[in-house]
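Subject: Structure for you to look through

Dear colleague,

Please find below the structure that I promised to pass on, together with some notes on what turned up in it.

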Amino acid sequence: MTVQKITGYSDPYCMLGIQPGSVLQQIADRRNSSDEDQRDERERKSSTTGSPSRSPSLRSSFRNKLGASFKRREHQHHSRSRSNSLQDTLPAKFIRTTTVKPSTLNPKWNERFRLDIDDIHSDRLHLDVWDHDDESSVFDAARKLNEVAGLKGLGRYFKQIAQSARSGSSTDDFLGCVNVPLEDIPSSGIDRWIPLEGRTTRSSVQGQIRLRLSLGTREDRGLAQCEDNWKEVVEHHQLLDIFIQHTLANYQKASEWPGEVARAAQTILHQHAIQGDLSELQQSLSRWVAISKRHQNRKAQPLDYALLHSLLEDVDTKWEHSEKALSRDEEASLAESFNNMIDLCLQVIAKHRSIIPVANLEAEHKMVHMLKCLSLIYKMKAFKWCCPFRNQLTVEVINALKKGATEWFNATLQHQQEHLNGSGFTEERATLTALSLLVNAVNSDIQRGEKYHNHLFETFIGINYIATNYKQFEKMISDEVAMRLQNEVHDVLAEKVKAIIAAQENPAGHTIVFSGGPGSSDPHEDAVATGIALFELYMALQEFAKFRQVHQLDDGRQLAVHQFQLWFTDAVQSWFIIAKGRARLRIRKALEIDRKLRFVDTNVQYSTSAVDTTACFGQIKEFWKQLSWPDPRTAYPFVLRILEAICDGSIFYGNLCHMKLTTAGYYDEDGQFDVTEEVCIIINNIEHVRRALRPLQEELEFDKILAAVEKVDSDLASDRCRAAFYAELHTAEDEVIHKILTIIAGLTEKMRPDVKKFLFHLAWAPEKVATKSALAPLVDYLDTNLKVLYNNLMRVNFYRVLEAVWRVVLQELTITARNNVGEQANFFQRLFTALGHLIEFFHGDDKGLSLKSLHSLAYQDLDRLLKLHKADTQYLIEMYCLQRLEEQRRQNQSASFGGQASINPYGYLTVKTFYNASGDCLTVDVMNARDLLPLDPNGYSDPFVLVELQPRHLFPNCPQHRTRVQKRTLYPIFDETFEFSVTVDKCRQEVALMCFTVMDHDMMTRNDFEGEAFLPLTQIPGVNGGENIRNITPMDLPLLQPKEKNEILGALEARQWDRDAQEFVKHQKRRKM
């Protein structure tokens, strides 16, 4: 559109009307005759005034303003009559104006006008587009003109408009015009864009205007403006209903109808709408009301909701663009159609499970467009105007979903109960089965809703379909299932469980009488069947509860179903008690029909009893895994029950295997020893069952349970639970291992006589026979039997056997050594060498027992014993001296760290020693003693000190020295000095030491031993050279009491064949007597 303002926009409006054919012909005739006069007039005006005249007549001024086809250029003479000038103008009753659209080049009027015509063959529609520029223009005059009611006033006002336009008081700008011959308009009307034209070829006009034109006939019934056309609207409804019914007769499925009637029917409807003066909104409402009413007819097939949605969109669009309000009757009719449609949709939503099947494209199409219809209705201004008090859409849909869920739930439960009435089940089993099927049906419904419906309801209605249905189901399940479990199942099931437990505790076969009603003579079978049904119900409820977590549906409500597992607490406890007894029966039966079974590793053999036993444990664990108990804290009692059942089964299996061997005479002492494959399989079986205990902590998620207990209760409660769990587990494992070791011990005990025999031949073999040769028979014997065990035992069991055999060998070798204490050193040297060979044999280049296992306490005792008795006598004496020196060192350390509480109970001796290298002289000053033991009846002692160098074989020429006796004192002062003539080399030996023996002198009896102390000669100043011997610091030596038994002295004493050993022992005993 052309821009007419400096702002870059225009304020356009339209003036339109019908030009009669008679007027058009008169105008054309005058144009042909007045061309020359108009030219003369222009020349005259140009010569006189230099500009066009501004005193136009009424006729020329109006035509100049009304448009190019209304324009006439008049002669300068005014001789024509007034009647001729009025005929040149457009009659005022044909003039119409639109509203002004400010500041736009793309105006949208959407205004409707009805214009009367006289002759369709000659009349035409003329439309001008103007830019409104001031407050009083042709636009205002024309609008007022059309408000004049009388013909006399109309003519007068029209004259004023024409004069105003001609005088130039209006400054509106011409933007273009359109001329449409009426005979070019078809009966169905036109709707198209038409280019704007100028008044002359020189006019600068651009743009186009869209017109919707239609022709029709109507009767002028003389109705007042205040009256409506409701009667015509009703007739239009009826016509539409007839045409729709006729059209649908040609369709097998009404939902396939696209919403169009036959072309002839469309023409009739169009003419009726024109005759009845029906607006586009009224026609759109008529189509909606008629078609929606047809859809709601229960006797007829439903239509396509997509069609209904398109009709609603059309109504909404027409309502937006309509300026004319509806009558009360029309509003009531529209409100009724809206309400009926909403009610129908809500009914469909409530029954959608049966009406709209899922997994079907047609069903999905129906659901989608039905929800779109509901959503659109509530968004329409027409609905808000006609139905202001209707509930919100979300409230209506949620209530419909809840109602539908409740009805479907009750119907499903009733159907399941009726189906199971003739099944022959006991009452409680039938109840559990019906509830289980019901909850499974609910779960399936939620899954279908999640897959097919939830996103639709969220998209179009704005509600969560899953949450709405789940919460409704949740409430009904809480009420129905909990009540029926308590009233119809628990008591009967408890009675059956008691009967089963009594039967398990009475395995002799006594009859257990059970009064459970018809079909329940066997309590065990009934309880098992009921338990299976109960477990199925639990699993169904568990799946139902998972939806709450997956969809995060926690709304703060605490319904019974939130802790549904508590409904099954007693039943689960009873099941584990029964499982414990049933496991024992199954294990016993498995051993009775035991058969050998080879696994992938052909070197290891199991039997079917071990496999059946672990499979039984696996079923118990799998049952618990399937339960997936939701609350870890309350799961502890059940986990403990599971642990007890599995541990009890493991111990029971080990005991049965042990009894089987006992019955077979395995532990009898009679008969020749032979390693049998049967024994190996039994040992492997028990180990295989024991290994089933190893992963229990992880499989039962015990750490998770303890964490929950600690979080809810306390650390103390968690510690108690942990202690109980591990006590049960470790006790069972120890028991099973003990059974394995018992069987292995029986195996090795049968080997003991042969081992003893071969060791005897080893010990007493002639000296010329090498130790390795003498040991060969024992090694061959062990190798032969251990190969059989290696090939038939699991590795862990083989090493257990190997350790047991090693213990037997050590025991027999130790017995041989101890029984021959006092023999020559060569005897023990042979045994010691044989022990080294046996270590190599059992170690097997690191393929057998580890050195740590071989170097057991028994081995260490034997090794020490053999080393003592094979050693040289002088070496033993030196070891004894060093041992006593080490004892004194430990005594000094304990005194220095212990303070007053660690005072030596035997007293102290103070001495001062040094070595004079120039004279090869060792000097010792015995100064005093303190805190001595009172050995006389008077509470005192008469102490004296013996000083000597040890060992004697290093200092054969150094005599013993003795101090004077100090009477009646525990704190004697001696102050005596002694010298020993000894070379510095001997003093520097590690074993060289000075021995101080404090004695209590008795006149009538032997002297009593107070204690002894030792001083290494290497610590005496001057021995190592460089020390200052002038300022010697006295030393306090703690007195010691020798142990009653000393293994070195014992070894020396046993050497009756060694004189030096006997003398040393006698000397030591003489000092202490």
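Because they are three residues apart in helix H16 (residues 427-460), Asp445 and Arg448 are separated by about one helical turn. Side chains of opposite charge can pair when their charged atoms come close, and by this rule the count comes to 40 salt bridges.

Before going further, please note that this is a predicted model, in which local features need pLDDT of at least 70 and side-chain atom pairs count only at pLDDT 80 or more, while totals for chains, interfaces and linings use all residues. Residues are numbered from 1 along each chain as its sequence is written, and side-chain values use heavy atoms, with hydrogens and water left out.

Helix H30 (residues 857-870) and helix H33 (residues 1047-1054) have axes that come within 9 Å and cross at roughly 45°; axes are lines fitted to C-alpha atoms, for helices over the stretch in contact, and angles run from 0 to 180 degrees between N-to-C directions. That angle makes H30 oblique to H33, since angles under 35 degrees count as roughly parallel, over 145 as roughly antiparallel, 65 to 115 as roughly perpendicular and the rest as oblique. On the H30 side the contact (heavy atoms within 4.5 Å) is made by Arg864, Leu868 and His869, and on the H33 side by Glu1047, Ile1048 and Ala1051.

Helix H19 (residues 569-592) and helix H21 (residues 636-663) pack at an angle of about 15°, with their axes 10 Å apart, which makes H19 roughly parallel to H21.

Finally, there is an open sheet of four strands in the order E13-E10-E9-E16, with antiparallel pairing, where two strands pair if DSSP finds at least two bridges between them. Its edge strands, each pairing on one side only, are E13 (973-981) and E16 (1035-1038), and the twist averages 30° from one strand to the next. Strand E10 (residues 921-930) and E13 pair in the antiparallel sense over seven bridges, and Asp925 stands opposite Thr977 in E13.

Definitions and conventions. Helices (H or I, at least four residues) and strands (E, at least two) are DSSP runs, numbered from the N terminus. A salt bridge is a side-chain nitrogen of Lys or Arg within 4 Å of a carboxyl oxygen of Asp or Glu.
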